[in-house]
Amino acid sequence: MKEIESIKEFGGFLKRYTHQSDVNHCEMTFSIYLPPQAQKEKVPSLYWLSGLTCTDDNVRTKAGMQKYASELGLAIIMPDTSPRGEDVVDYPDRYDLGKGAGFYVDATESPFAQHYNMYSYVVNELPSIIEDNFPVIKGVKSISGHSMGGHGALICALKNKNAYRSVSAFSPICNPTQCDWGKNCFTTYLGTDEKQWQQYDATSLIENGASVDSILIDQGTADEFLEKQLYSESLKEICVSKKEVLLNFRMQDGYDHSYHFIASFIGEHMEYHYKKLL
């Protein structure tokens, strides 16, 4: 790893690193906030997955998470959303495909399979790096995210029930096999067999038996993507039907899809995860 930035915030340190990824076969960047408590003891971790077009920089500059993390004693790990580099195939004229749109899957289609393996990166490689190099408690972690990252947080938790103490999301893509964002990325990265898509779809995973103890989701009523891309009702309906997952789905009146929305409720999500991590 190479440290490329270190900024003191709220008594702790916001740091940024680059490293060579074994699963994505390229250089990756991540940020980590270490609260002041981490200077004396190991602390629990919260992983945050960002959405389409984002990098690790969006959440650390817009959400206001560091203040709450400092108060609660939580480390925040903020990976990039996709592989980067000149050798990584991209669609420069598309915001919803290629760099910035890794969709947290392990690609099977050429040439994407070489680099687009964000699922394995988030679930396996990055936690190993974090736990080997920073003062965090091994295996004591939760996960959250926004939009495409909310989708990523949900599938990571559902596919690895014992890996995360809790999961939450803001405006997640709940049923990507049914929306244009998901269909475009899944066809490109995973091929045309829609049965393969279901392993990266939170609604399909729950329908097929996956579960976690509870999920917290906040969704704005003024979100411009709510009806055509997010498919929240599909997730709510399957959770009511299956009853294995306690879903707390909060519709927040007048809020949109932006980080203004996230910043308004991130403190409540941090407190939710803190209680689970204890």
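Modeller: One term before we start: contact means heavy atoms within 4.5 Å. Also, this is a predicted model.
Biologist: Okay. Which residues does serine 147 touch, leaving out those up to four places away in sequence?
Modeller: Serine 147 touches Gly51, Phe170, Ser171, Pro172, Ile173, Trp181 and His257.
Biologist: Where does serine 147 lie?
Modeller: In the loop between β6 (136-145) and α4 (148-159).
Biologist: Is serine 147 buried or exposed?
Modeller: Buried, because its relative accessibility is 4% and the cut-off for buried is under 20%.
Biologist: New topic. What order do the strands of the sheet take?
Modeller: The 6 strands run β1-β2-β3-β5-β4-β6 in an open sheet, with mixed pairing.
Biologist: How do β4 and β5 pair?
Modeller: In the parallel sense, over 3 bridges. Strand β4 covers residues 43-49, and β5 covers 75-79. Leucine 46 stands opposite isoleucine 76 in β5.
Biologist: Which strands does helix α3 touch?
Modeller: Helix α3 (residues 118-133) packs on the sheet and touches β2 (12-21), β3 (26-34), β4, β5 and β6. Its direction makes about 145 degrees with that of β6.
Biologist: And how many residues does the largest nonpolar core have?
Modeller: It has 66 residues. Phe103, Ile130, Ile143, Tyr189 and Leu235 have the most contacts inside that core.
Biologist: What does isoleucine 130 touch, beyond residues up to four places away in sequence?
Modeller: Isoleucine 130 touches Phe30, Ile32, Tyr47, Ile77 and Val136. There is also a second, separate core of 21 residues, which includes Leu72, Ile76, Ile262 and Ile266.

Notes:
Residues are numbered from 1 along each chain as its sequence is written. This is a predicted model: local features need pLDDT of at least 70, side-chain atom pairs count only at pLDDT 80 or more; totals for chains, interfaces and linings use all residues. Side-chain values use heavy atoms; hydrogens and water are left out. A nonpolar core is a set of buried Ala, Val, Leu, Ile, Met, Phe, Trp, Tyr and Cys residues joined through side-chain atoms within 4.5 Å. Buried means under 20% relative accessible area, exposed over 50%, partly exposed in between (1.4 Å probe, protein chains only). Helices (H or I, at least four residues) and strands (E, at least two) are DSSP runs, numbered from the N terminus. Two strands pair if DSSP finds at least two bridges between them. Axes are lines fitted to C-alpha atoms, for helices over the stretch in contact, and angles run from 0 to 180 degrees between N-to-C directions.
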